[in-house]
Every structure is written in structure tokens, then in C-alpha cells.
Amino acid sequence: MTEVLPEHPDFLWRNPEPRRRYQVLIVGGGGHGLATAYYLARNHGITDVAVLERGWLAGGNVARNTTVIRSNYLWPESAGIYEQALKLWEGLEQDLGYPLLFSQRGVLNLAHTPQDVREGVRRVYANRLSGVDAEWLDPVQAKQVCPILNISPELRYPVLGATYQPRGGIAKHDHVAWGFARAADALGVDLVQHCEVTGIDIHSGRVTGVRTTRGEIGAEKLALCAAGHSSVLAAMAGLRLPIQSHPLQALVSDLLEPVQPTVVMSNTVHVYVSQAHKGELVMGAGIDSYNGYGQRGGLHVIERQMAAALELFPVFARAHVLRTWAGTVDVTPDASAILGLTPVANLYLNCGWGTGGFKATPGAGWCYAHTIAHDEPHPLAAPFALDRFSTGALVDEHGAAAVAH
Amino acid sequence: MLLIECPWCGPRDETEYHYGGQAHVPYPEEPAGLTDEEWGRYLFVRENPKGPFAERWCHTAGCRRWFNVVRDTLTNEILRISTGST
């Protein structure tokens, strides 16, 4: 029997024992951590790098998101970093030499109230000023983009229009993480799995290394990149972050023929939908209200999300929920990320992407690598410094981020 | 869905409640005397533990009163429920 089984496919990365010291340690082997490691090596020639992951690579939020990619945020600061990410997405398959199933099928953000319409139109104009492609569509035009969309005025929350970003879309999340991991590994980065950081050593205000479940590891620079667990890690360095960790749920249907040609999001009725290449409908909800690290949420959130989806897409009535799950998202008070330096020398922070970190993966990695390499914020990351919560220079993206980030 | 025991109404589904975040966060006694950092910490920074967490819930669909819960944020086990004004 063993003779007829195929060989294991080639491993995409080594599984090395951690060395005792590295120039840069990245804590968190998700999409952002792997992208950061890759760009450290590729853009800055820093290859003495290890990524420490407490579980297996790409098993956290990068495995649990709904893969939506867009850059149509309101403020120029956000448009800058998300548009940088989108431009990187557009060349990423060639850059990594790995298929990512990146599909620019467009993103619709629906408006259901007069205030939604005003905000949507304002965002379209703001996007154009920031160099982001954006259009305002009336309901009929929105239905031309997405023929299964119900634009009946009889709906409880009728579709009054939509913003449309044609360059938005989706990608295969696992492939994204694996592509970055494979490329980083090939450049010499050590990807160390099952290695949980249990303490951070600081002497005279400088990070000297970490304690882990696989021993002590020294570091010249330490870069935290742990999304929902950022508060737990930062506390090891004596930092309190303006972050609350919440469950965020998503689900998929059984495999269906192609019916959903684009990505449709609605903040007002709390649902966002796309159809994966394989055929399942992928839907996300809003966060569960309470703080939670359990990677699960309440069914009532799913029920509300399904009710909204069914009203917008009556054709979904015959679909079945195949599975639901949750990730732990790191939510900030202004719905924008925290990326930059910290009060501790040589300790860097990338977190707070909340419900929308996947789309930022290459842009966050690009800017974070620059910040670590030069010990100063990348220009696109500078507005997202931790100290904005004392200066008051918030980047308020609740309108563009909201539930459907 | 969580099952939370209101101190006045008894055990009810989570959907009857509104979440209020961390408990025992007093308003600063002299807000005008705070530095920007201190004021920022009061406005924006709350505990975010993985484990027991003292938090506020309001029974919005019932008696509409606030109370305090200590809940484990990893397991969702409710460890203690008490009445209290903050």
C-alpha cells in the first residue's frame, strides 16, 4: 500500500532549531510577521532573523479572515498605507514566485440610509484625492456589478447606492502566508514554530532578548507582531496598549457554482460576502461585544449576519452553513493600526489592525521592516505611532472600517 | 452565547445585555491637572488580560441596571458577579 501513495510534496520551508541569538526577532508567525521577515531580508539585506510562532505558522488570524482586499479608506494616512499594500498585492505573485489566487473582482460597500449615502459619496471623493480608485454607483449600477443583489425598495434597509473599488478583491489567505514563508526561508530567515515567548528581557531600557518555551534567545531588535495577543506580549515589556481583544466570527457555505462575482460589504446590516475560488460563500460578521481570547463567539451574531445576507441575496436561502469559526482581533479606539517604535529601545510594535489586517499584509510588512531596519518609522507608518493616543492625532476610520474592515 | 446571571433578574441570555468593558475605572479626580499622557491613558487604555477580567454589563432588556462580572476571557467562565456603581 505504501508503494502507491505519493511522496510528501516538497516542504516550503525548513523547520530549524532556534539559534541562541539573532539580529532581529519577530514574535508572531502570521501573515504580517512573515511579510515583515521577507521584506527585512529582501529590501534591507537583514537575514539574521527568526520568526517565533507559538503554534504553527499561519494558524491564527491569517487562517481565519475573509480575505477581502481593498484600500478605500477615508483619511490620506490610511489610504497611504492600504494603497501601498494594494500596489504590492498587484505584483506579489510574481515577486514571491508563488500562486496567491489574487483576484481583483472589485469591492462594493453598500449604503442603506441617507447618512450612509453622504458618507459613501464623501469617501469616494476622498479616495480619488488620495489616488485610490473609487466610484459611486446607484442601485441599478450596483446590481450590474452584482446581479444577485436585491435592490428592492421594499427591504427593511434598501440599497440606496454603493461605493465601488474595482481594484479591490480577494486572495487565498493560506497561500499568501505560505508564499511569504517560503520566500523568507529561502533568503535565510529561520521560521521557528511551537516556540512561545514567555518573557522579554530588558536591561537599561533596551531589549536584550526573550525567554521562550524553547529556551532563551538573544536579540538586537525585537518586533512584536501578534495581533490579538499583542496586549499579553506588550505587558511582558511593561507596556499597556490601547487595544481590546475581541472574537470576530466568519463562516463558509457549502461549495456552489459561481454566483457572487464581486465582494459585497455592508456596515449598516453587518455582513460582508465573497465567493472563494473553490465555490464556498465566505461571510463575515461584526465582532462579539465582549473581550475574548477563546477564538469562538456567539451564534446570535451569526444569525443576525445570516438574516442580513438573506435579505440582500435571497438566492442564498438554499445554501448551507458548512462551518463557522472565530479569530481574536486587536481593536483600537480609532479603528486604525499601531505601527512603529515603543518607549523601550529596540522594541517595535505592529498591532491594532483589528478586523482588517489581512488586506494590509504586504504593506504592513513593508513598512514594519523599514521601521525595524532604520529604527525610525517608515513615512507611511508614521501617522500610526503609539503616541497618537496622547497627542490626540487619531486616524478615525470607524466609518470606513466599522464592522466590515 | 453567554448565560449571565443578573443580580436582580436571574440567569438570562447574553442578548439581553449590553457590554460595558472594564470595571472599576474611576473618572479622574482632577482631570484638568492631568498630563496629556495621563489623560490619554484614562481615555483610551484599558486592561486586556487573557484570563480573569473584571467588567461591566447592563441588563438593557430587563431591569436596565449595571453590575460587575469577573469572567475568564479565554474560557468565558464567569467567576464572580456583584453589584456595584463602577
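Which residue takes a positive phi in the hairpin of strand 17 of chain A and strand 18 of chain A? The residue is A:Asn346, with phi near 65°, and the hairpin has 5 residues between the strands.

1. Basis. This is a predicted model, in which local features need pLDDT of at least 70 and side-chain atom pairs count only at pLDDT 80 or more, while totals for chains, interfaces and linings use all residues. Residues are numbered from 1 along each chain as its sequence is written, chains are lettered from A in the order in which they are written, and side-chain values use heavy atoms, without hydrogens and water.

2. Strand 17 (residues 338-341) and strand 18 (residues 347-351) of chain A run antiparallel and are joined by 4 bridges. A:Leu341 is placed opposite A:Tyr348 of strand 18. Strands here are DSSP runs (E, at least two residues), numbered from the N terminus, and two of them pair if DSSP finds at least two bridges between them.

3. Domains. Chain A splits into domain 1 (16-65 + 173-243 + 333-391) and domain 2 (102-169 + 244-330), with bounds from an automatic or database domain assignment. Their C-alpha centres are 30 Å apart. Domain 1 puts 16 residues into the contact and domain 2 puts in 13 (heavy atoms within 4.5 Å).

4. Interface. The two domains bury about 1100 Å² between them, 48% of it on carbon and sulfur atoms; buried area is the accessible area (1.4 Å probe) lost on putting the two parts together, summed over both.
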